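Please keep the sequence and the structure in view while reading.

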Amino acid sequence: MAVLVARSRGGYAYYVCVGKSHGTISHRDEKCSARSVPADQLDELVWQDVCEMLTHPGAIATALYRAQGGLWLPQELQARRENLRKARVSLEQQMERLTDAYLANVLQLEEYKRRRLELEQRLSVIAEQKRQLEANVGHHDQLAGMVQSIEAFCQRVQQGLNEATFEQKRQLIELLIDRVIVTGDEVEIRYVIPTSSKSETIRFCHLRLDYFNAPVASDRSGKGVD
């Protein structure tokens, strides 16, 4: 992985790996063999991908839910909660019948204690599952709030995409993109999407621990390219 910087050749701008520089600058024993990338083409590709992402926020929500471990949908959560309730009621009824059998001298004390302990252990498992479920419900609600915030952000921003100035494009790319990785003919864009109105003013790159140690990225589009 190498950071690219913009250089001009005969009036054309290219992104060139800093690893091609002298070893005192690149801190490498060998020069990078990656080819230079035409800046205009990469800038246009990245901007078109940003526009596509902002106009289809549903894809962001899907990726967010997947990243959180595929939490159950609301109806699935409700069904799971009802199944746990029924299981708890059934175990409590079994415990009542067990006690009635003991009081009626149908069961000996040792057998009663053994079977009651088994039921109590099963009830304990149900209680733990219910606690985990309620935690998931709370997590799901929080996630749903984040999705709503993301969709609202995309709706506000997408209205001005077609008329965006160079500076507006720069600001949006600096906000939304962590890095762009070029490997041969493939381009990977790693996004960082604001999940609240407060985070819309924070550039993710400023939160990176290696931000102040990384080489300076391109001054054409305002995005770091790896």
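E118 is partly exposed, with a relative accessibility of 38%, where partly exposed lies between buried (under 20% relative accessible area) and exposed (over 50%), computed with a 1.4 Å probe on protein chains only. Salt bridges with shared partners link E118, R114 and E111 into one network; a salt bridge here is a side-chain nitrogen of Lys or Arg within 4 Å of a carboxyl oxygen of Asp or Glu. The model is predicted: local features need pLDDT of at least 70 and side-chain atom pairs count only at pLDDT 80 or more, whereas totals for chains, interfaces and linings use all residues. Residues are numbered from 1 along each chain as its sequence is written, and side-chain values use heavy atoms, with hydrogens and water left out.

- R114 and E118 form a salt bridge with an N to O distance of 2.8 Å.
- These two residues are four residues apart in helix α5, about one helical turn.
- R114 also pairs with E111, and the closest N and O atoms of that salt bridge are 2.6 Å apart.
- E111 and R114 are three residues apart in helix α5, which covers residues 109-158; helices (H or I, at least four residues) and strands (E, at least two) are DSSP runs numbered from the N terminus.
- R114 is partly exposed at 42% relative accessible area, and E111 is partly exposed at 27%.

**Other salt bridges**

- Nine salt bridges are found in a search of the whole structure.
- One of them joins the side chains of R88 and E92 at 3.2 Å, N to O.
- Both R88 and E92 belong to helix α4 (residues 74-103) and are four residues apart, about one turn.
- R88 has a relative accessible area of 32% and is partly exposed; E92, at 34%, is partly exposed as well.

**Nonpolar cores**

- The largest nonpolar core contains 29 residues; such a core is a set of buried Ala, Val, Leu, Ile, Met, Phe, Trp, Tyr and Cys residues joined through side-chain atoms within 4.5 Å.
- Among the residues with the most contacts inside this core are V46, W47, F153 and L176.
- Helix α2 provides the largest share of this core, eight residues.
- Beyond residues up to four places away in sequence, W47 touches L161, A164, K169, L172 and I173, a contact being heavy atoms within 4.5 Å.
- A second, separate core has 13 residues, including L84, M95, Y112 and L119.
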